[in-house]
Amino acid sequence: MNSDGGYTIGLPPVATTYGGDIDALMMLLHVVMVAMFVIWGVYLAYCLFKYRATEGGKATYHQAGEKASFIPDGIILAFEVWLILAFGIPLWAELKQETPPVADSLEIHMVAEQFAWNFQYAGPDGKFGRRDTKFISASNPMGIDDDDPASADDVTTINNLYVPVDKPFILRMTSKDVIHDFQVTNFRNKQDVVPGMMTTLWFEPNRTGKYEIGCAQLCGLGHTKMVGNVFVKSQEEYDEWFKEELEYKLADAGTAPSSNS
Ligand SMILES: [Cu+2]
C-alpha cells in the first residue's frame with residue numbers, strides 16, 4: 001500500500017515505517033463497513049418488498065416458537081474481537097507503548113507554546129542542556145541554561161524539525177502553556193503535549209521530503225497557525241545541516257540561538 005506515494009483513502013502519502021499498517025487497517029474497516037452497508041441495504045429492500053402492504057394482509061407481532069438468529073451478530077462480534085486482538089492492540093503497542101532503543105535513535109526534545117514548536121538537539125555529546133523556565137526569553141524560548149556545559153553543542157530550531165531518513169527519532173515533548181497535540185499526517189501518528197508532563201512520540205521516516213506539522217488540539221486563537229515542517233533528509237544531508245547549525249551557533253555565541261533555519 002502507498003508504494004507509489006499517492007494519496008490513500010484521502011490521506012497524504014505515508015512517510016513512516018508503521019504508516020502502511022495504519023492505512024491497511026483503515027482500509028480493512030472501510031471495506032467491511034461498505035460490505036455491511038450493502039448487505040443490510042439489500043436485506044432491507046427485500047423485507048420492504050416481501051412484507052409490503054397487501055390486500056387483507058395482517059401484521060404479526062409475535063412469532064411464537066421462532067427465535068431470532070444470533071448468527072449475524074455473532075459474525076460482527078467475532079470480526080470486532082479479531083480486529084482488536086489481531087490489529088488494534090499490536091499496532092497500539094508498537095506506536096504508543098514501545099519506543100525504539102534510544103541508542104539506535106535520534107532523540108529530540110520539543111517544547112510547545114502558543115503558537116510554535118521549539119526543538120532542541122543534543123549535539124555530538126548526546127546530552128541535552130538543562131532547561132529551566134527562569135531562562136525563558138524572546139531569544140531563548142526553551143529556557144536553555146547556557147552555563148550548562150551540556151548545552152554548548154545543542155542546536156535549537158523553531159517550527160522546523162530536521163531528521164535523517166530510515167532512522168527512528170524519539171520526541172520528548174512538553175508544553176509551556178496549554179495542551180497542544182503534535183501531529184504529522186504523513187507519519188500517521190500524533191500525541192498530546194501537556195504542560196508539566198513529558199510525553200513521547202516516535203517515528204521512523206522512510207521517505208525523504210517535507211511534511212507538515214499541525215497542532216491537533218484546539219489551543220487558542222492562533223491554533224490554526226501553529227504549523228511547522230519536518231524535513232526528512234538523507235543521513236549525509238542531515239549531518240551537514242547539523243554541522244552548519246552548530247557552526248552558526250558557535251560563531252554567534254552569546255547572542256540569540258539560531259531559529260527558523
Ligand atoms: Cu497548539
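1. In which helix does valine 31 lie? Valine 31 is in helix α1 (residues 19-50); helices are DSSP runs of H or I of at least four residues, strands are runs of E of at least two, and both are numbered from the N terminus. Because its relative accessibility is 49%, valine 31 counts as partly exposed (buried is under 20% relative accessible area, exposed over 50%, partly exposed in between, with a 1.4 Å probe and protein chains only).

2. This is a predicted model, in which local features need pLDDT of at least 70 and side-chain atom pairs count only at pLDDT 80 or more, while totals for chains, interfaces and linings use all residues. Residues are numbered from 1 along each chain as its sequence is written, and side-chain values use heavy atoms, leaving out hydrogens and water.

3. His180 (ND1), Cys215 (SG), Cys219 (SG) and Met226 (SD) coordinate the copper ion at 2.1 to 2.5 Å. Donors are N, O and S atoms within 2.8 Å of the metal (3.2 Å for Na, K and Ca); water is not among the atoms, so sites may look incomplete. The site is tetrahedral, with angles of 87 to 126 degrees among its 4 donor atoms (for four donors, all angles must lie between 85 and 135 degrees). Histidine 180 and methionine 226 are both buried.

4. Strands β6 and β7 are antiparallel and joined by 5 bridges; pairing requires at least two DSSP bridges between two strands. Glutamine 183 has lysine 190 in β7 as its bridge partner.

Methods: Tetrahedral: all angles 85-135°; square planar, octahedral: opposite > 155°, others 65-115°.
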